[in-house]
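I opened the model and kept a running notebook. These are my entries.

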Amino acid sequence: MVTTIVLFLFWGSILEVSGKIHVERSGILPVNSKSFGIQFYITLANDARKSLTVTPNTPRCCWRVDKKDLDCKSMELVGGNEMTLSPSTTGNISYVFPNKYPMDRVGSCDFTFVTGDKKLHHKVPFNTTEPKKASWLDVIGFGGDSYRKCRGVDRDPRKNCQPVDCVEKYNGWRNFFRNSTGKCEAVHECYTTGKKGELPEIAFDKDHNDCKSLVSAELTKEQRKQIHDNMDKSKLAQMKFTLEDIKDINPVPLNCHHGRRVGSVCVCNEGWKTKTNNVPKKDLRFIYDWCNVKIKKTKYSAQRALLLTGLGLVGFTLLIGWVIIIWSCFITGTRLHWDNHESWNISNFLRPFKTLWYYVRLQVTTWWRRNQHGFVHTSYEPKTDNELRLKKGQIVEDIVKIDEEGLYEGTCDGVRGYFHQSYVTVKANES
């Protein structure tokens, strides 16, 4: 009995000196699409036998914008006043994140409470993603009562995928909305150097969220004259020879290799082409070695030739059938009959041909596109909204060739757009 009393007095003195508090419960209040913020609540309990003053520190909240974007700046909470807890009592501390876009946020907030020289750390997770409502319309692909899926994390699915107000959603940390990605971005800060009173050399392009140079790429007359004067005074210019007897249109010697020269260009023989990878902008004036690369037949050449032959035979057969039907039904004026002399509808006869044509066209389109992909070997920043942003090492999928100038269409990082062949090595999936 004496031992129990001693232990009771001992632990009571420890609690009285330690001034310990703990969190009984915490979380957020229910949030829906009509809410104007997220409200956090934390219930603290005083374990000591004396009154304690609890001082909250500024909380820190982080939420996942997308898979590769963690935002720890835009969510700033309001509230968290200091309070005093009597012995063996509890008290609530509330915070509010005011915002008209509270939905579709997943993350957590770190809270710190100070009592004397002790600190209590507590994390409150939150998830305001609206659960998808099950419906029988999901079976047939109409989505039921759920919202439509938008292209980009900053398009509001509850307002027909319209762009959100970036300043409001991110509290001023992200102010520019890019249509190509459907995402809000931070505005670039453009810095320029110059003396006081001089015009800046760099300006901000608000339409593309980029810094553009204000210096003209063309030289002035004075600059061109200075360059020519320096070239004429150089040692190389003093050693040049005057070749007045050369009257060729293109004085640069051309090596046609496997081809023949026609004027200032070369026409390659069958099976040969000219390599232009190292030529600036593929300008013909800078090509000196022509017809130097042999065209290699891919492993799909035979399949494509066979497919084209089959399609030609099918088309020829359908053409002959059409000629016979038109001749017999419209030119000669006769009608087709069964053996039992019952009239026969021509649409019933044409239906199998229409079905066959649709199936052949679908298979050809699918086969042609299924094995095209590419590897990005040079990064590229898009100049227009319909171009792809390419980073070295990325993979471009579902590639379709647009024209013979090297323009392609593909999908990169979930975004579909156009790109030039000079930045991507196009290959097949099997290779």
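Which residues does Leu44 touch, not counting residues up to four places away in sequence? I listed the contacts: Ile21, His22, Val23, Val54, Met83, Leu85, Thr89, Thr90, Gly91, Ile93, Phe113 and Leu120. I note here that this is a predicted model.

**Core entry.** Next I looked up the nonpolar cores. The largest has 30 residues. Leu44 is among those with the most contacts inside it, along with Phe40, Leu77, Phe111 and Phe113. At least two residues each come from β2, β3 (52-56), β4 (60-66), β7 (83-85), β8 (90-98), β9 (106-115) and β10 (118-127). β2 gives the most, with four residues. I also found a second, separate core of ten residues. Leu390, Val396, Cys412 and Val424 are included in that one.

**Sheet entry.** I traced an open sheet of four strands. Its order is β1-β2-β8-β6, and the pairing is antiparallel. β1 (21-28) and β6 (78-79) are the edge strands, each pairing on one side only. I followed β1 against β2 (residues 37-46): the two pair in the antiparallel sense over seven bridges. Ile28 stands opposite Phe40 in β2. Phe40 had already come up in my core entry, among the residues with the most contacts there.

**Salt-bridge entry.** How many salt bridges does the structure hold? I count 13. I looked at three of them by residue.

- Asp66 and Lys183 meet through their side chains at 2.9 Å, N to O. This pair links distant parts of the chain, with Asp66 in strand β4 and Lys183 in strand β14 (residues 183-185), 117 residues apart. Asp66 counts as partly exposed, at 23% relative accessibility.
- Asp110 forms a salt bridge with Lys123, the closest N and O atoms being 3.9 Å apart. Asp110 lies in strand β9 and Lys123 in strand β10, 13 residues apart. Asp110 is partly exposed, with a relative accessible area of 33%.
- Arg158 bridges to Asp156, with the closest N and O atoms 4.0 Å apart.

Is Asp156 buried or exposed? I find Asp156 buried, because its relative accessible area is 12% and the cut-off for buried is under 20%. Arg158 counts as partly exposed, at 24% relative accessibility.

**Last entry.** Asp66, Asp69, Arg174 and Lys183 are linked in a network of salt bridges.

Technical notes: Residues are numbered from 1 along each chain as its sequence is written. This is a predicted model: local features need pLDDT of at least 70, side-chain atom pairs count only at pLDDT 80 or more; totals for chains, interfaces and linings use all residues. Side-chain values use heavy atoms; hydrogens and water are left out. Two strands pair if DSSP finds at least two bridges between them. A nonpolar core is a set of buried Ala, Val, Leu, Ile, Met, Phe, Trp, Tyr and Cys residues joined through side-chain atoms within 4.5 Å. Buried means under 20% relative accessible area, exposed over 50%, partly exposed in between (1.4 Å probe, protein chains only). Contact means heavy atoms within 4.5 Å.
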